[in-house]
Amino acid sequence: ENQWDTITRPVYYYVGNGLQRISSNDHNNAFDWKNVENKDLNPGKDNSEDLAKEPIELYQNYPNPGNATGTTIKYFLPKDAEEIELKIYTISGDIIKTLINKDTTDYDNLIKAGFQIIKWYGENDAGNEVQTGNYLMALNVDGTIKVKKMTFMR
């Protein structure tokens with residue numbers, strides 16, 4: 001009683017821009033699911049305080065390698081951010097593209113709690129195409145930095 005069987009009957013609830021799956025043993029971080037390990041979350045209950053305890057996540061871009069049709073970068077914010085930046089770097093650490101900063105169109109929506117998605121089409125800040133190679137994407141949310149490596153191919 002008062003327990004959810006999350007293995008045979010997964011429990012979902014809506015937050016931000018997508019459904020969240022509650023499961024203590026599904027750790028594949030698939031694109032559409034966010035693992036929540038808090039066992040006391042209930043559908044229909046306002047879980048925003050519990051979600052605020054979850055970590056900031058930067059997911060692997062897809063497709064990876066990215067190509068001229070673009071690559072999608074997804075991140076998760078457990079609560080609204082004060083300030084956020086998402087940048088693409090060369091492996092040697094040079095900034096080649098700023099995808100999100102305070103000057104970004106729709107910035108107010110990109111700092112809201114929940115899942116956020118942005119596309120990168122393989123161009124640098126000057127609008128030129130980047131070369132085939134490995135790059136780093138870095139998400140800075142209120143001083144917390146998450147970095148992932150990605151490949152872009154022409």
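Biologist: In which strand does P63 lie?

Modeller: This is a predicted model, in which local features need pLDDT of at least 70 and side-chain atom pairs count only at pLDDT 80 or more, while totals for chains, interfaces and linings use all residues. Residues are numbered from 1 along each chain as its sequence is written, and side-chain values use heavy atoms, with hydrogens and water left out. Helices (H or I, at least four residues) and strands (E, at least two) are DSSP runs numbered from the N terminus, and P63 lies in strand β5, residues 62–67. The peptide bond from Y62 to P63 is cis, with omega near -10°; P65 also has its place in β5, and the bond from N64 to P65 is cis, with omega near 15°.

Biologist: How should I read a nonpolar core, and which residues have the most contacts inside the largest one?

Modeller: A nonpolar core is a set of buried Ala, Val, Leu, Ile, Met, Phe, Trp, Tyr and Cys residues joined through side-chain atoms within 4.5 Å, where buried means under 20% relative accessible area, exposed over 50% and partly exposed in between (1.4 Å probe, protein chains only). The largest here has 24 residues, and I73, I84, I88 and I100 have the most contacts inside it. Strand β10 gives the most to this core, with four residues.

Biologist: Which loop holds D142, and what is its phi?

Modeller: D142 lies in the loop between β10 and β11, and its phi is near 50°, a positive value in a residue other than glycine. With a relative accessible area of 42%, D142 is partly exposed.
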